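Have the viewer open as you read.

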Amino acid sequence: MNLANRLKAIKPSPTLALNAKAKALVAQGVDVVSLAAGEPDFDTPDFIKQAAIEALRQGFTKYTPTSGIQELREAICAKLERDNHLTFAPEQVLVTVGAKQALYNAFQALLNEGDEVIIVAPYWVSYPDMVQLAGGKPVFVETREEDGFAPDPDAIRKALSPRTKALVLNSPSNPSGAVFSKAALEGIAQAVRGHECLILSDDIYEKLLYQGQFLNIGNVAPDLVSRLVVINGMSKAFSMTGWRMGYVAGPKWLISGMQMIQDQSTSNAASFAQKAAVAALRGPQDIFVPMVEEYRGRRDLVVDTLNAIEGVRCRRPEGAFYVLPNVSGLFGRSYKGTPVTGSVQFSEILLNDFRVAAVPGAPFGAEGYIRMSFATSREQLNKGLERFRELAASLR
């Protein structure tokens with residue numbers, strides 16, 4: 001008996017695998033600094049917890065509609081109008097088990113065998129595998145660090161084909177922390193205007209912004225809103241990773257198809273967690289300020305320290321909680337007599353011998369780089385950076 005053929009092209013998530021290995025080492029008593037996982041170290045705000053507790057006390061523990069409770073879908077619409085100046089009706093919204101399920105459902109509902117999805121590199125590692133699981137083909141558009149990792153509109157035009165079903169945008173970006181400017185979004189919009197593809201905007205990091213104002217492509221190109229799919233959730237901004245609360249808003253025909261996929265998989269997201277999400281979206285919206293300010297300080301600490309290491313170059317990200325240092329200047333040097341030739345090998349040495357978990361850039365479409373999360377304490381960051389410096393100094 002064999003596994004399904006569709007799994008042959010799928011790779012385990014490197015972030016989950018590295019985080020699991022780091023946790024296993026910690027469980028063995030090893031002092032590991034984990035800079036691998038994209039998980040806020042802040043706690044879920046108390047008023048959100050209390051909303052879930054109250055829902056439990058009232059017995060709100062039964063099935064809900066697959067699409068989510070009406071109250072939550074209305075709160076999502078109000079949030080999109082208030083924060084993003086985008087207008088959607090509740091029937092255009094689907095509540096999902098994390099933003100990850102929203103993306104998965106979208107590809108499953110949209111793609112036929114051989115359909116193409118344009119993905120801007122560097123990219124979140126799950127995008128290509130999700131596309132392939134739906135029978136689609138990822139088409140990558142490369143970007144350059146010196147351009148702020150923003151895609152060249154001409155490169156998007158060249159990537160478009162009669163089989164293109166969607167373009168995925170992620171700003172602020174995982175893994176680079178890059179934020180697309182208004183000009184960049186306008187260029188992207190102009191590139192796709194002559195095509196019918198959907199635009200999937202993964203906005204999960206929108207509140208983690210260190211400069212400027214967050215813009216969705218729908219803000220600079222209102223004519224494209226009819227084929228805009230907005231994906232977001234509670235995990236990053238509200239420190240609710242384990243709650244698994246996501247949502248998607250888009251064309252009604254697509255949302256209906258996505259709901260059918262979800263009907264036959266998870267059905268509804270947890271009922272009491274939906275009540276907590278309502279509280280999060282309707283509650284005080286200044287809770288992000290101290291969190292973002294702390295992340296800003298950590299970002300500057302990490303970037304400045306990395307840039308002081310010979311052979312390393314690190315761009316200062318405008319959003320999210322990742323840095324993507326270019327470590328290719330260390331390649332070709334030897335560690336214990338063996339040349340270091342790539343990001344995977346570099347990350348393995350960093351974890352196995354220096355006890356720092358960071359994710360290689362290769363699975364993100366960014367060979368020569370590694371991704372490091374600064375969603376941990378400054379004490380841990382300083383310890384991890386010192387160990388990173390020791391590795392760089394040991395290369396000959």
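This is a predicted model: local features need pLDDT of at least 70, side-chain atom pairs count only at pLDDT 80 or more; totals for chains, interfaces and linings use all residues.

Put together, that gives an open sheet of 3 strands in the order 9-14-13, with antiparallel pairing. What about the side chains of strand 14, which way do they point? Ile370 and Met372 go one way, Arg371 and Ser373 go the other, and all of them are buried. As a reminder of what holds such things together, strands of a sheet pair through backbone hydrogen bonds, either parallel or antiparallel.

## The chain as a whole

Zooming out, the chain has 13 helices and 14 strands. Its radius of gyration is 21 Å, close to the 21 Å from the globule rule for 396 residues, so the chain is as compact as a globular protein of that length. The C-alpha trace spans about 60 × 55 × 55 Å along its principal axes.

Of the 396 residues, 57% count as buried. Take the contacts between residues at least 6 apart in sequence: 73% of them join residues at least 24 apart. The accessible surface is about 16,500 Å², with 52% of it belonging to carbon and sulfur atoms. As for charge, there are 42 positive and 41 negative side chains, and the centres of the two sets sit 3 Å apart.

## Ser239, tucked into a loop

Is Ser239 buried or exposed? You'll find Ser239 in the loop between strand 7 (228-233) and strand 8 (246-249). Its relative accessibility is 8%, and buried means under 20%, so Ser239 counts as buried.

Which residues does Ser239 touch, leaving aside those up to four places away in sequence? The list is Pro40, Phe42, Asp43, Thr44, Met234 and Met291.

Most residues other than glycine have a negative phi, and most peptide bonds are trans. Here are some places to check against that background.

Start with the cis peptide bonds. One joins Ala121 and Pro122, with omega at about 0°, and Pro122 lies in the loop between strand 3 (116-121) and helix 5 (126-133). The bond from Ser171 to Pro172 is cis too, with omega near -5°. Look for Pro172 in the loop between strand 5 (164-170) and helix 7 (182-192).

Then there's positive phi. Ser267 isn't a glycine, yet its phi is about 60°. Ser267 belongs to the loop between helix 9 (252-263) and helix 10 (271-282), and with a relative accessible area of 25% Ser267 is partly exposed. Lys336, also a residue other than glycine, has a positive phi near 55°. Lys336 sits in the loop between strand 10 (334-335) and strand 11 (338-339), where its relative accessible area of 66% makes Lys336 exposed.

Technical notes. Residues are numbered from 1 along each chain as its sequence is written. Side-chain values use heavy atoms; hydrogens and water are left out. Helices (H or I, at least four residues) and strands (E, at least two) are DSSP runs, numbered from the N terminus. Buried means under 20% relative accessible area, exposed over 50%, partly exposed in between (1.4 Å probe, protein chains only). Contact means heavy atoms within 4.5 Å. The radius of gyration is taken over C-alpha atoms; the globule rule is 2.2 Å times the number of residues to the power 0.38. Accessible areas come from the Shrake-Rupley method with a 1.4 Å probe; for residues, only the protein chains shown count as cover. Lys and Arg count as positive and Asp and Glu as negative; His and the chain ends are not counted. The place of a charge is taken as NZ of Lys, CZ of Arg, CG of Asp or CD of Glu. Two strands pair if DSSP finds at least two bridges between them.
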